[in-house]
Structures are given as C-alpha cells and as structure tokens.
Amino acid sequence: MLEKTLSRRTLLKGMTAGVGVMALAGCAAPVAPAAPQGQAAAPAAQALTLVLWSSFTGKNGEAETEVVRRFNESHSDIQIDYQFQGSYEETAQKVTAALQAGTAPDISLLSDVWWFKFYLNRALAPLDDLLEAEQVDLADYQDSLINEGVRQGVHYWIPFARSTPLFYYNKEKWAAAGLPDRGPKTWDEFMEWAPTLVEMEGSEMKTAAFSHPDGASYIAWLFQPVTWQWGGKYSDPDFTMHMTDELTVAAGQFYKDTVHTYKWARPTKDMGADFIGGLTAAAMMSTGSMGGIKANAQFEFGTAFLPEKDNFGCCTGGAGLAILARTPAEKQPAAMTYVAFASSPEIQSFWAQNTGYMPVRKSVLDLPEMQAYFEEFPQFKTAVEQLPLTQPQDSARVFVPNGDQIIGKGLERITVQSEEVATVFAEVQATLESEAQPVVEALRAIEG
Amino acid sequence: MTTSSPEVLRETTQELQRPAATSITWVGHRHGLVGRIAAYVGLVLCVLLIGLPVYWMITGAFKTPQEVYAIPPTWIPLQPTLANFPKAWNSAPFERYYLNSLIVTIFGSGFEVFFAVTSAYAFAFLRFPGKSFVFLLLLAALMVPAQVTILPNYLTVARFGWINTYQGIIIPGASVAYGAFLLRQYYRTLPREIMDAAHVDGASHLRILLSVVTPLSKPAIVSFALLSIVAKWNEFLWPLIVTNTKDMRVLPIGIYWLMVEEGTIDWGVVMAGTLFVVLPVLIVFLYAQRYIVDGIAAGAVKG
C-alpha cells in the first residue's frame with residue numbers, strides 16, 4: 001500500500017501538492033526535549049512541547065507558520081513544534097510509519113481522504129471531552145465541515161483548511177459573448193451560453209467554454225457535486241455504491257457530452273493555467289485556487305455558485321486537525337488548546353485571507369476585518385456564501401482506499417477516451433465495492 | 001604511446017591500397033554522407049528532447065508570473081526579471097539546505113563508491129566460500145524497488161534513534177547493490193594478466209586495487225560516482241521521511257516548499273529554485289566529464 005500511494009503521490013502531486021513549514025525561522029520551537037525558546041519572560045520550565053505535523057508549502061506554509069508563532073507567543077505553558085512533512089499523502093504515510101516506530105506527532109494535519117484510515121486503525125483520539133474542557137463552541141463551526149469528522153456522534157477530526165468547488169468565469173470573455181455578468185444559474189442555462197463562448201482557430205478549438213481536469217487533479221472531487229445536482233451520488237454512508245444509478249450515469253453522460261457531443265468543453269491537465277491563459281472561459285475549481293488566479297490573471301474574473309440541475313449540490317474538501325490517540329493523556333488537553341486556537345474565528349479570519357481556504361467558523365463572517373476583506377475581494381465572498389449549502393462527500397471517494405483515483409480514472413475514460421458511461425461506471429462500481437470490503441469489515445469491528 | 005604504431009601501420013596499408021580502393025570509396029563516401037546526415041538529425045533531435053525542458057526551466061526562472069502563464073508561451077522572456085531568485089532564496093533557508101545537501105551527498109556518495117569499489121573487487125577477484133550465493137543475494141537486492149525498503153528502513157532508523165539526524169539520512173543508502181554489480185562487471189573485463197603480474201611482483205590485494213584496478217577502471221568508477229552524486233543530491237522522499245525539522249532538510253525539499261497545494265504555482269520562483277539545485281551538479285558533471293572521455297579513449301586504443 002505504501003508503494004502504491006507513493007507512486008501515486010509522486011505522479012499526481014509532484015506538481016501540485018504541498019505544504020510547508022520551514023519558511024520562517026521566527027517560530028522555531030526547539031526539537032525534542034529541550035526547553036522551548038518562547039519569549040524570554042515565559043516560565044519556560046513548565047512549558048509542554050507538542051509536535052505538530054502539517055503539509056502546507058509556499059504562502060500557505062508561511063501562513064501556518066504564523067499561526068503557530070501567534071500561538072506560541074500567546075501561550076507560555078504550551079509550545080508547538082511545527083514540522084512540515086510533505087504533501088497530504090506524504091504526511092499521512094509518515095504518520096503511518098511513525099505510529100509503528102513510536103515517533104508519531106501529537107497533532108497531525110490529515111486530509112479529507114486520509115483521516116478516516118487512521119480512525120479505522122484506532123489511531124485518533126476521541127475529542128469530545130477535550131472539546132468540552134476547552135469550551136469550544138461546536139455550534140459555531142460550519143455544520144457540513146464539522147460533521148464530516150464525526151463517527152457515531154464522536155468528533156475525531158476538526159476542520160482547519162477547508163475548500164469547496166466554485167464556478168470561475170472570465171469576465172472579458174463573458175462580455176465579448178454578450179452574457180450577463182454572473183455565473184449560470186443552471187446547467188441548462190450554461191448549455192445555451194457555452195457555444196457563444198467557444199473561440200475557434202480553424203478547425204481547432206482555441207478557447208473552450210468549460211474544462212475538465214484529469215484524475216490526478218481530482219476530477220472525482222469536482223464531479224461529486226455534479227452527481228448530486230443530477231440527483232445521483234457515488235455511494236451511501238454505509239458504502240452501498242450508486243455509480244450505476246440512472247441519475248449518476250446521466251451526470252456522467254453530461255460530462256461526456258460536453259466534450260464529445262456539444263464540443264464546448266475539453267479535458268486539460270492544468271485548469272488553473274488554462275483559465276489564466278484564456279484557454280477556457282469558465283471552470284469549476286477549488287476556492288483554494290483563487291489567490292493564484294487573482295495574482296496571475298490579466299483579466300477580471302468572477303465567481304459564482306455551482307450551476308444547478310435538478311438540485312443544488314456542492315461538496316467540501318481540504319484538511320483538518322486530529323490528535324493522535326498515542327499522545328499521552330496529560331498532553332491531550334494542550335493539543336486541544338492548539339486545535340481550538342487554529343480553528344478559532346480570529347485565526348480562521350487570518351488564515352482564510354492569506355490562503356483562500358474557507359473560514360470554518362460561522363462567526364468569522366461578522367468580524368470587521370472579514371467584512372473589509374469581502375469588500376475588497378467580492379469573489380471570495382461568493383465562496384463563503386456558498387459554504388453553508390455544502391454537504392460532506394460520499395464515502396466512495398473519501399473513505400474507500402484510493403477511491404478518489406478509482407472514480408477519477410473512470411471519469412478520465414469518459415471525458416478523454418469517450419468510452420461508454422454505463423460500462424465504465426459499472427467497472428468503477430465493481431472496483432469500489434471490492435476495495436470497500438475491508439473497510440466495511442474494519443468498520444463493523446469498530447462500530448458494531 | 002603504444003597506440004602510435006598500429007595507426008602508422010594502418011595509414012601505410014591504406015596508402016598502399018589507395019589506387020584500387022577509389023571507386024569503392026565513392027559509394028562508401030555517399031553512404032557516409034547519408035549516415036552522417038542521419039546521425040546529425042538524430043543528434044539534433046536528442047539535443048532538443050533533452051535540452052528543451054532545460055531551456056524552458058532556465059528561461060522560466062527569468063519570467064514574471066504573468067508571462068509564465070501567457071498563452072501562446074514566449075520563447076524568450078519579454079520582460080526578463082531577476083526577482084524570482086531572491087524570492088526563492090528567501091522563502092526557505094536555502095543556505096542550510098545547501099549545507100545539508102553537501103554533507104549528505106559527499107558522505108553518501110563517498111560511502112557508496114567506497115563500498116562499490118571494494119565489494120566489486122571481492123566479487124571479481126577473490127575466492128571465498130559461498131561467493132556465488134552472496135552474489136545472488138546481491139542480485140536479488142538489485143530487484144527490490146526502493147519504495148519497498150522505505151518503511152523497514154524507517155523503523156530500523158527509528159530504533160537506532162537516528163530520526164532527524166545525518167546518519168539517519170546517509171547510512172541506509174550508504175551501500176547499494178547496483179554499484180557493486182556494475183563495477184564487478186567492469187573489473188571482469190580487465191586483463192587478468194596484469195593482476196597476475198602484480199601478484200608475482202608481490203602486490204597485496206589492497207595494492208592491486210589501488211594501483212592497478214582503480215586506475216584502469218577510472219571511467220566506470222567516475223561514471224558510477226556521478227550517478228551516485230546526482231541520485232543523492234536529488235533524493236527527496238527518504239530525506240523527507242527521515243527528517244522532521246527544517247534545519248535537517250535538503251535542497252529538493254526546499255523546491256517542494258515553493259509549490260502550492262490547491263492553488264496556482266509561481267513557476268518562475270520554482271524554476272529559480274530548481275536552478276539552485278541543478279547548478280552544482282552541472283559543474284560537477286562538466287568537471288568529471290573529461291575523466292570519462294579520457295577513460296573511454298584510453299580503452300579504445302588499447303587493442
């Protein structure tokens with residue numbers, strides 16, 4: 001399994017992934033047992049040092065470094081030693097290895113598709129008593145985000161860096177096509193708009209109206225809401241698969257038709273680059289892409305809720321924080337102090353503004369600095385307004401080992417190779433079912 | 001020096017045969033021309049294939065973010081900028097990474113070459129019980145994908161308490177079956193008579209290895225050392241896994257830090273960072289290249 005995920009990792013994330021820690025020296029808490037080098041005034045002798053593993057690089061990594069710095073500065077009795085461990089996948093693999101070697105951290109960032117595997121191995125601490133002791137206001141968390149980390153009424157995974165899909169459009173191309181300055185309300189409306197957005201160069205499509213990513217760029221994540229919009233789904237929470245349901249197949253058929261029948265969409269390797277380069281007039285992309293698009297696009301862009309079909313549908317993604325079960329009991333409250341701090345409204349406001357991740361707390365939206373940010377960056381406001389309408393992803397993608405890639409490869413066969421949707425989805429369903437089997441059994445052992 | 005006589009001889013024979021050969025060489029010449037054109041086309045293709053990404057990397061390092069994403073892409077930076085270099089350098093402690101990469105590469109490759117040279121000697125020239133079995137074991141080790149060994153290596157290193165240390169990064173890769181295998185094969189092509197002569201002169205094994213085998217095998221050893229240096233210098237996964245803190249990290253992890261998850265990557269900065277990594281290896285290559293060429297030439301004229 002390690003080998004498999006490694007190669008997948010290197011392939012798909014080599015280019016996109018990342019998380020980091022080492023940028024700023026300012027926060028450096030010492031390694032291992034040495035006394036933390038907090039402020040000079042701190043009663044250092046008493047301070048507990050906790051190790052946090054995380055996966056953010058670049059500006060996101062610098063922002064998280066700053067979060068930790070602020071924590072260490074304001075908590076003289078707890079010092080967080082923040083350690084970058086590679087992408088989401090690499091971090092998860094390291095935690096796996098470190099659990100066996102007895103070198104695991106106290107707190108770890110785990111992505112939406114990883115935390116559950118650690119839960120299955122009973123490696124995560126139940127958080128409810130700790131949350132209560134820390135007086136964390138659970139009702140203030142965005143419901144769809146906090147509920148994703150709950151099993152049998154117990155919290156294991158607290159949202160920290162969460163994103164959602166969002167509809168991005170190029171305002172210049174919209175204007176050139178004479179379209180109103182807004183996203184399409186429904187896919188049917190976009191069907192009418194799309195042909196006017198296509199720009200041809202001879203027989204070649206120069207600008208597509210819409211683009212689909214490949215499996216490595218998480219097409220299964222972006223297609224998840226589309227299944228819901230059509231009334232379908234990948235699976236039920238009990239791992240009953242629904243890939244072959246009529247409505248799921250219909251959603252897949254739509255994706256295929258956009259490329260091969262209507263011919264206004266195309267599959268691409270890098271949607272962000274295509275959008276910035278004007279090769280696609282619109283795309284569904286992560287809210288996390290917004291900062292980069294804002295910095296690099298030479299045109300005005302707009303954001304909108306995802307288009308509807310029979311329903312509205314939108315999922316969430318990203319990563320959250322978990323406390324490892326092996327963290328000594330006397331350290332766990334301190335670990336929760338950090339988790340609560342990192343997901344507090346003040347920090348989430350800072351974090352969202354610097355990274356493009358969604359603020360996970362409802363009350364963030366009322367903070368004056370957030371209001372000011374919305375003024376300055378209305379595209380971000382759209383993303384935040386869509387957040388309460390999101391729902392947790394289907395188990396097939398996030399809880400089945402490699403489920404994301406199984407579905408993603410299937411979708412690639414439809415969009416790129418134009419294969420028969422029903423056939424492909426039937427195969428995907430069979431693979432998902434056999435991969436889910438051990439998970440179902442492990443779950444039965446844990447949850448009864 | 002010994003080479004001059006056969007060459008003189010060949011020239012002489014050619015001169016003698018010249019009148020008779022003229023009509024044939026015309027055809028041969030034409031073949032040569034076609035062949036030469038084909039060879040040059042192939043050469044140009046190779047250069048493009050290998051050189052284009054490198055060219056793209058170098059020019060990318062001088063482009064603004066907007067220009068990197070511009071479509072159609074520009075072959076020459078229109079607004080060349082140096083801003084990417086300080087940006088990349090300052091976004092991570094690269095000077096520390098250089099130091100760590102140097103330590104890891106010098107010691108890592110040093111050990112690897114040392115063990116390869118010595119164990120290959122044993123496999124090629126020594127007689128000892130169970131030799132073929134040990135060699136089979138070595139071959140088996142060659143077949144094991146590196147990824148498979150990562151977890152057991154991690155657990156072992158953790159048990160030694162070597163997590164987040166230089167020895168933790170270096171020791172598991174200090175001896176690699178590949179080098180021993182490669183050099184053994186090369187050693188076996190060396191003329192046995194020279195070794196025997198050295199033996200007769202009373203040279204010890206160490207003496208033979210240092211004064212006879214190593215000089216004769218220079219091209220193979222240098223080639224292997226280069227491969228080893230590049231591999232250690234570029235290694236990403238193992239150093240990432242076995243270290244935790246930023247002061248123990250190496251250059252490739254620094255590049256990785258410049259990338260962004262779920263966002264838009266500032267490729268100019270990434271390319272600038274990549275240049276930091278590539279340049280030292282390039283210099284080593286340019287320097288070591290002549291040994292390889294020397295060696296090949298030395299071998300070629302021997303017969």
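Reader: How many bridges join strand β7 of chain A to β12(A)?

Author: Two strands pair if DSSP finds at least two bridges between them; helices (H or I, at least four residues) and strands (E, at least two) are DSSP runs, numbered from the N terminus. Here, β7 (residues 165-170) of chain A and β12(A) run antiparallel and are joined by five bridges. Within β12(A), A:A283 is the residue that stands opposite A:Y168. The model is a predicted one, in which local features need pLDDT of at least 70 and side-chain atom pairs count only at pLDDT 80 or more, while totals for chains, interfaces and linings use all residues. Residues are numbered from 1 along each chain as its sequence is written, and chains are lettered from A and ligands numbered from 1 in the order in which they are written.

Reader: Which strands form the open sheet of three strands in chain A?

Author: Its order is β12-β7-β13, with antiparallel pairing. The edges are β12 (282-286) and β13 (301-304) of chain A, each of which pairs on one side only. Angles run from 0 to 180 degrees between N-to-C directions, and axes are lines fitted to C-alpha atoms, for helices over the stretch in contact. In this sheet, neighbouring strands are turned by 35 degrees against each other on average, direction ignored. Helix α16 (residues 378-386) of chain A packs on the sheet, where α16 touches β7 and β13 of chain A and makes about 10 degrees with the direction of β13(A). Contact here requires that the C-beta atoms of two residues, placed from the backbone, lie within 7 Å.

Reader: What is the order of the open sheet of five strands in chain A?

Author: The order is β2-β1-β3-β14-β6 (chain A), and the pairing is mixed. At the edges are β2 (78-84) and β6 (158-163) of chain A, each pairing on one side only. Seven bridges link β1 (residues 48-54) of chain A with β2(A) in the parallel sense, and A:L50 stands opposite A:I80 in β2(A). Across β1, β3 (107-111) and β14 (317-323) of chain A lies helix α3 (residues 88-101) of chain A, at about 130 degrees to β3(A).

Reader: How is the packing of two helices described?

Author: Two packed helices are described by the angle between their axes and the distance between the axes. In chain B, the axes of α4 (residues 94-125) and α8 (residues 177-187) cross at roughly 45 degrees and come within 8 Å. That makes α4(B) oblique to α8(B), given that angles under 35 degrees count as roughly parallel, over 145 as roughly antiparallel, 65 to 115 as roughly perpendicular and the rest as oblique. The contact residues include B:E112 and B:V113 of α4(B) and B:L183 and B:R184 of α8(B).

Reader: Within what distance do the axes of α4(B) and α11 of chain B come?

Author: The axes of α4(B) and α11 (residues 218-234) of chain B come within 9 Å, crossing at roughly 145 degrees. Among the residues that meet are B:S101 and B:V104 in α4(B) and B:I221 and B:F224 in α11(B).

Reader: Into which domains is chain A divided?

Author: Domain bounds come from an automatic or database domain assignment. Chain A has domain 1 (8-29 + 45-163 + 317-376) and domain 2 (165-314 + 393-437). Their C-alpha centres lie 29 Å apart. The contact takes 12 residues from domain 1 of chain A and 13 residues from domain 2 of chain A.
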